Amino acid sequence: MNCGRIELGISLNNTCNFKCRMCNIWQHDRHQNRLDFKSSCDIIDSLADFDVKGVRLSGGDPFLVSWSVDLAAYIKRKGYHLIATTNGSMITENFAKRISETGIDNINLSLDARNPETHDSIRGAPGSYENIFKSIGHLSAYGKGLNIGINTVISNLNMHEIIPLTELVQKDNRIGHIYFMAIMQPFGTKAEREWFAKDEFCFLWPKDKGLTASVLNQLIKFKESDCKVNNSVAQLKTFLDYFKNPLNFVRKNKCNLGNEAAEVNQLGDVYLCYQHDSIGNIFDKDFTDIWSSGQAENARKKIRDCKQNCNLLINCYFEE
């Protein structure tokens with residue numbers, strides 16, 4: 001039996017040791033994690049009947065979980081492409097050696113500015129800029145074949161630093177790519193249609209439309225040349241439309257998330273899209289049964305009929 005092609009994200013925790021200004025998760029009480037090493041391995045085992053595009057480990061920060069390296073090794077033994085995203089705070093030399101030995105394919109480090117003070121301020125973690133480059137050094141020393149990437153969120157806080165940061169990445173032979181995301185409503189907050197205009201969030205939304213357009217057009221030119229920018233030209237042009245007016249932005253395609261991707265959170269709840277209800281919990285049913293359940297089909301119909309200008313489709317799940 002082949003259940004189809006899938007990309008699976010597993011959020012190992014809801015805990016982060018940073019206080020990022022574009023994320024509010026750290027301000028809330030921590031949910032108790034139900035996932036452990038065994039239950040996470042069970043999820044991986046249930047993928048045997050799928051054509052697995054890849055597995056992503058996230059959080060919070062996944063490397064805060066003590067068994068994250070053991071899980072990475074298990075996933076790679078199963079032969080799956082594995083990606084993890086981290087703030088880099090846990091990547092000591094010893095950790096870099098251990099995680100590299102698993103055969104992990106890609107580690108993305110969060111870096112938002114060329115200037116250390118700007119990055120540390122955005123992430124609410126003094127010294128985090130310096131630590132990112134220590135992490136890059138450790139990973140490049142041990143991770144033969146490991147692709148080290150940079151993830152950067154474009155916002156009003158770092159618009160003037162985007163091009164210098166891109167140029168820095170371009171010159172650093174240890175870094176394979178840089179991937180940009182457009183600022184969204186902070187995680188851990190109640191969804192608001194005009195979130196960017198609210199007093200508590202408006203400091204994140206780019207104020208200078210001329211500068212914003214100039215930066216994105218420069219990124220497009222970089223992409224059209226031999227550059228490490230990992231976004232497509234089409235996605236960068238979509239960012240232009242989004243930043244001009246997020247309410248007028250209209251996505252052109254129906255959402256295909258329900259057919260090709262799933263997320264499991266730290267409580268074991270399975271989602272096809274976080275804008276819709278969970279389709280089940282892995283502690284109640286096997287993942288394969290959840291994927292093919294009536295709840296999943298109902299969620300897929302809602303996703304297909306969805307008319308929202310979803311920020312996720314601008315960023316992580318952008319389609320040409």
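The structure is a predicted model, in which local features need pLDDT of at least 70 and side-chain atom pairs count only at pLDDT 80 or more, whereas totals for chains, interfaces and linings use all residues. Residues are numbered from 1 along each chain as its sequence is written, and side-chain values use heavy atoms, with hydrogens and water left out.

Helices (H or I, at least four residues) and strands (E, at least two) are taken as DSSP runs and numbered from the N terminus, and two strands are said to pair if DSSP finds at least two bridges between them. On this basis, 9 strands form an open sheet with mixed pairing, in the order β6-β5-β4-β3-β2-β1-β7-β8-β9. The edges are held by β6 (177-182) and β9 (280-281), each of which has a single partner strand, so one side of each is left without a neighbour in the sheet.

Strand β4 (residues 106-110) is largely enclosed by the rest of the structure, because 5 of its 5 residues are buried (under 20% relative accessible area, with exposed over 50% and partly exposed in between, for a 1.4 Å probe and protein chains only). N106, N108 and S110 point one way from β4, while I107 and L109 point the other way.

Strand β3 (residues 82-86) pairs with β4 in the parallel sense over 4 bridges, and A84 has I107 of β4 as its bridge partner. Strand β5 (residues 147-154) also runs parallel to β4, joined to it by 5 bridges, and N151 in β5 stands opposite S110.
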